[in-house]
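Biologist: I have a model open and want to learn how to read it. Where do we start?

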Amino acid sequence: MSLQEELENRSGNKCELCTATDSLSVYDVKPTITGGGGMDGSLLACETCITQIDNPEETDANHWRCLNDSMWSEFRAVKVVAWRMLSRLRNEGWPKDLLDMMYLEDDDLRFAKESGDHLDESEKIIHRDANGAILQAGDSVVLIKDLKVKGSSLVAKQGTAVRRISLDHENAKYIEGKVGPTQIVIITDYVKKMAEKE
């Protein structure tokens, strides 16, 4: 059974956020490196919800009143997205009340905070590659110089692709990603963001 079919069974063929039944597809909660992907890190969502999750400037606060119900989901991906959207909308008033009622396990809360939706714009740390392009959690980058990995004999070669990076929320210069089997911290000055199709 495909992931889509499993999620359709789990959700009863409804958006797991707003219960819409049209234009449903699998949404992988980013960054997949820290917990997204698979049944645990994915949800079935409608086009409206996905568009607004991925494009904060298109967010319609009233659409998200549905979170009053879906925030109580037993599924991790649904809870995490509900928390992120309520955090993004907290200045509306009612989402703050829902957030105050919501409880996430420590691991789920860490995962939820990866998006930075709970931070005010002034608090957000912007990660940029060597060319100044903004890096997001889940992006892929390529190394632009050979890097010696601290504490090992490994040298990450120029041109190595690092997929599905995660961001350090305290330092704009640090990202994390896997080079081979090894998870390493990389300085953003030494990477270039890869285009989606690369």
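Biologist: Is Cys18 buried or exposed?

Modeller: This is a predicted model. The cut-off for buried is under 20% relative accessible area. Cys18 has 17% relative accessibility, so Cys18 counts as buried. Cys49 is buried too, with a relative accessible area of 0%.

Biologist: How many disulfides does the structure hold?

Modeller: A disulfide needs two cysteine sulfur atoms within 2.5 Å. The structure holds zero. For Cys18, the nearest cysteine sulfur belongs to Cys46, 3.6 Å away. For Cys49, the nearest is also that of Cys46, at 3.7 Å.

Biologist: Now the strands. Which side chains of strand S10 point to which face?

Modeller: In a regular strand, side chains alternate between the two faces of the sheet. S10 covers residues 174-179. Ile175, Gly177 and Val179 point to one face and are buried.

Biologist: What joins S10 to strand S11?

Modeller: Six bridges, and the two strands run antiparallel. Ile175 has Ile186 in S11 as its bridge partner. S10 and S11 form a hairpin with two residues between them. Gly180, in the turn, has a positive phi of about 65°.

Biologist: And how many residues are in the hairpin that joins S9 to S10?

Modeller: Six. Two bridges join S9 to S10, again antiparallel.

Biologist: What is the strand order in the open sheet of three strands?

Modeller: S8-S5-S12, with antiparallel pairing. S8 and S12 are the edge strands, and each pairs on one side only. Two bridges join S5 to S8. Val141 stands opposite Val162 in S8.

Key: Residues numbered from 1 in each chain as written. Predicted model: local features only at pLDDT ≥ 70, side-chain atom pairs only at ≥ 80, totals over all residues. Heavy atoms only, no water. Buried < 20%, exposed > 50% of the residue type's maximum accessible area, 1.4 Å probe, protein only. Pairing = 2+ DSSP bridges. Helix = DSSP H or I, 4+ residues; strand = E, 2+ residues; numbered from the N terminus.
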